[in-house]
Amino acid sequence: MEHLHEDISAEVSEKQSNIRAKGPFQRFLHTIGPGFITGASDDDPSGIGTYSQAGAQLGFDVGWTMVFTLPLMVAIQEIAARIGRTTGRGISGNLARHYPPPLIYFVALLLFAANVINIGADLSAMADALRLLVGGPSSLYVVAFGLACVLAIVFLDYSRYVTVLKWTTLSLFAYVVAAFLADIPWGEALKGVVLPHMEWSRAFFTTFLAILGTTISPYLFFWQASQEVEEETIDPKAKPLKRAPWQARGAFQRIRADTLVGMAFSNLIAIAIIVTTAATLHKAGVTDINSSSDAAKALEPVAGKFAFVIFAMGIIGTGLLAVPVLAGSAAFAVGEACRWPVGLERKPKAAMAFYATLAAAVALGMGIMLTPIDPIKALYWSAVINGICAVPVMVVMMLMTGRSDIMGKFPVEGWLRFLGWLATIVMGLSVVGLALQWAF
């Protein structure tokens, strides 16, 4: 055992030396992983529509919600990552082995349904954004984007696919550029970020739940946990921490740093979108934004052609990042629940049911355009649905992480457990608040 520890330490030292020999940007790309990609995919077209609606409808006063949600978001995502890295299985895989079958099937189907709606809304938003830029039929663009996402997941080598995802995160900087193109009163914007402001109204609670559902979404939990398992699988030295407890310290440090950077980046982009739409659309009296493409179109007369183009291109880029994550998390949830071979590192022939589920999620999302469901309304309400779905998933996650038969020597404790339960309670109370608003 001692020699094994020395071998691992030598390998870590060699890897660190190689990382230091690279340039700053290469070091950054090497360091970021599942947490950063998960955080970036959180700003999907559905999220952009939610943040745009929030900024247009409520102005700068809603910016504080992104600061409020950050520690809750970091905590619940770190907990999800720890489940995967500690057990060597994703969330559904653990549920399937330790809980009654009806519970895991309920959770998997709930996630699959929410993700299909989200995929359809995202594809529709991407197609509308491209139509705004170059013209043409939206339906053709929906099919093209859907096929491109599926083909990339199925046929690209896993390590190459992860690299593509990392580069795609750069599209989010479009919203930072858009923010600086708008005439923003930064003092007022900063006040909205640091001083909480609440209203007892249906519009506020619906928007607040939509923001929570966008920032704390079930598919993000499943994706990050499963990606920790993927990263462990392709590294011959890495083992589930239950079997290799000496790897825990370095693994948990990496997970925390990766998750913190990813979620902070995600919320920074969200703030940029909120302040941009607050300074332009809300100020101009444009308060009814039903989609991210609506926001892009409305920006043009108040912020200029360039801001419109940047915003629209960002929708397409973030969709190309988010749709594979949504489809992948749905496939992981269903595949692990059914105990199929799962994993993006597997060849299609070795995991046919997994990849078929992934493709089915995208195909059903594309099919939303052929139903009476309004894809524009689905874009915003998908975030609300995610918020409602998140509550039972988070309760089960928190119960799992307190069990020694699941987590071994590494149950989630202390402040991390406190924040995890706080996030769960906040999500639950927001759903109750929304229900009361609808009832009365």
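Three helices, α6 (91-98), α13 (218-234) and α16 (305-337), each contribute at least two residues to the lining of the second largest pocket, helices being DSSP runs of H or I with at least four residues, numbered from the N terminus. A pocket is an open set of points on a 1 Å grid over the protein atoms alone, with protein on both sides within 12 Å along at least five of seven lines, and its lining residues have an atom within 4 Å of a point. The largest contribution to this lining is that of α13, with five residues. The lining comprises 22 residues, and Gly 88, Val 229, Thr 233, Val 342 and Arg 346 lie nearest the centre of the pocket. In composition, the lining has seven nonpolar, six polar and nine charged residues; Ala, Val, Leu, Ile, Met, Phe, Trp, Tyr, Cys and Pro count as nonpolar, Asp, Glu, Lys and Arg as charged, and the others, Gly among them, as polar. The volume of the second largest pocket is about 370 Å³, a volume being the space filled by probe spheres set on grid points that are joined across faces, edges and corners.

The structure is a predicted model, in which local features need pLDDT of at least 70 and side-chain atom pairs count only at pLDDT 80 or more, whereas totals for chains, interfaces and linings use all residues. Residues are numbered from 1 along each chain as its sequence is written, and side-chain values use heavy atoms, with hydrogens and water left out.

The chain contains 20 helices and zero strands. Of its 440 residues, 57% count as buried, that is, under 20% relative accessible area with a 1.4 Å probe and protein chains only, while exposed means over 50% and partly exposed lies in between. Helix α3 (residues 34-41) is mostly covered, with eight of its eight residues buried; among them are Phe 36 and Ile 37.

The largest nonpolar core has 120 residues, and Ile 91, Leu 123, Ile 216, Phe 221, Leu 344 and Met 397 have the most contacts inside it. Helix α16 supplies the largest share of this core, 16 residues. Such a core is a set of buried Ala, Val, Leu, Ile, Met, Phe, Trp, Tyr and Cys residues joined through side-chain atoms within 4.5 Å. Beyond its neighbours within four places in sequence, Phe 221 is in contact (heavy atoms within 4.5 Å) with residues including Ile 76, Ile 91, Ile 216 and Met 397.

The largest cavity has a volume of about 50 Å³. Eleven residues line this cavity, and Asp 44, Asn 118, Thr 214, Ser 217 and Asn 386 lie nearest its centre. The lining of the largest cavity divides into two nonpolar, seven polar and two charged residues.

Two residues illustrate contrasting surroundings. Ser 92, in helix α6, is buried, with a relative accessible area of 0%. Leaving aside neighbours within four places in sequence, Ser 92 is in contact with Ile 104, Phe 222, Phe 332, Ala 333, Glu 336 and Ala 337. Arg 339, located in the loop between α16 and α17 (352-367), counts as exposed at 51% relative accessibility. Although Arg 339 is not a glycine, its phi is positive, at about 60°.

Definitions and conventions. On a 1 Å grid over the protein atoms alone, a cavity is a set of points where a 1.4 Å probe fits but cannot get out, and a pocket is an open set with protein on both sides within 12 Å along at least five of seven lines; lining residues have an atom within 4 Å of a point.
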